Amino acid sequence: MTPEWYIPDIFNAFAFPVTPVIPNDKTDAILGFSWGLIPPWAKDTCICKNTLNARLETLDQKSSFKPTLSKRCLVPADDFYEWKWLDPKEEFKQKYLLTLPGEELTAYRKILQNRLNRNINHL
């Protein structure tokens with residue numbers, strides 16, 4: 001049974017799709033979360049375009065991510081994209097689609113945020 005929010009053809013996080021995740025506090029459930037963290041101090045949701053990815057090394061130093069450090073999840077995936085800079089000034093880059101051998105399923109570890117007051121959950 002596929003949930004109504006799941007659209008498998010949307011794989012670009014910048015489109016802010018609802019994505020299946022397994023939260024660390026409900027490991028027996030797959031829930032839908034949207035990409036892009038919205039800090040509690042944000043005035044609107046536009047900031048989520050700047051909070052799609054976080055660096056492990058600086059998570060505890062960024063006010064955007066600090067409140068969510070204990071809230072984790074797994075995002076199941078069968079492939080992912082990585083970028084390679086093509087020039088020293090980092091102006092041009094090439095996208096590469098990566099898969100595991102045999103197209104096995106993998107998972108990303110992400111932080112998540114429940115935004116009950118805005119009726120949406122965010123990764």
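Mentor: Before we start, helices (H or I, at least four residues) and strands (E, at least two) are DSSP runs, numbered from the N terminus. This is a predicted model, in which local features need pLDDT of at least 70 and side-chain atom pairs count only at pLDDT 80 or more, while totals for chains, interfaces and linings use all residues. Residues are numbered from 1 along each chain as its sequence is written, and side-chain values use heavy atoms, with hydrogens and water left out.

Trainee: How many helices and how many strands are there in the protein chain?

Mentor: From the N terminus on, the elements run β-β-β-β-β-β-β-β. The count for the protein chain is therefore, with the DSSP runs as defined, zero helices and eight strands.

Trainee: Which residue of β3 is the bridge partner of P23?

Mentor: Two strands pair if DSSP finds at least two bridges between them. Strand β1 (residues 18-23) pairs with β2 (residues 31-34) in the antiparallel sense over four bridges, and there V18 stands opposite S34. Two bridges also join β1 to strand β3 (residues 72-77), again running antiparallel. In β3, the bridge partner of P23 is C73.

Trainee: Is D87 buried or exposed?

Mentor: D87 sits in the loop between β4 (80-85) and β5 (93-98). Buried means under 20% relative accessible area, exposed over 50%, and partly exposed in between, with a 1.4 Å probe and protein chains only. Because the relative accessible area of D87 is 17%, this residue is buried.

Trainee: How many Å separate the backbone nitrogen of F92 from a polar atom of the side chain of D87?

Mentor: A polar contact is a pair of N or O atoms within 3.5 Å; within protein, one must be able to donate a hydrogen and the other to accept it, and residues adjacent in sequence count only if both atoms are side-chain atoms. For the polar contact between the backbone nitrogen of F92 and the side chain of D87, the distance is 3.0 Å.

Trainee: What is the phi of E90?

Mentor: E90 is in the loop between β4 and β5 and counts as partly exposed because its relative accessibility is 47%. Most residues other than glycine have a negative phi. E90 is a residue other than glycine with a positive phi, near 55°.

Trainee: And what is the phi of E103?

Mentor: E103 lies in the loop between β5 and β6 (106-111), and E103 counts as exposed because its relative accessibility is 62%. Although E103 is not a glycine, its phi is positive, at about 50°.

Trainee: Which residues form a nonpolar patch on the surface?

Mentor: Accessible areas come from the Shrake-Rupley method with a 1.4 Å probe, and for residues only the protein chains shown count as cover. Y81, in strand β4, counts as partly exposed because its relative accessibility is 32%. The nonpolar patch, with about 310 Å² of accessible area together, is formed by Y81, W83 and L97.

Trainee: What separation do the C-alpha atoms of E4 and G32 have?

Mentor: E4 is in the segment before β1 and counts as exposed because its relative accessibility is 81%. E4 and G32 are 28 residues apart along the chain, and their C-alpha atoms are separated by 9.9 Å.

Notes
Patch = residues over 30% accessible without salt bridge, like charges linked within 9 Å, V, L, I, M, F, W, Y side chains within 5 Å. Salt bridge = Lys/Arg side-chain N within 4 Å of Asp/Glu carboxyl O.
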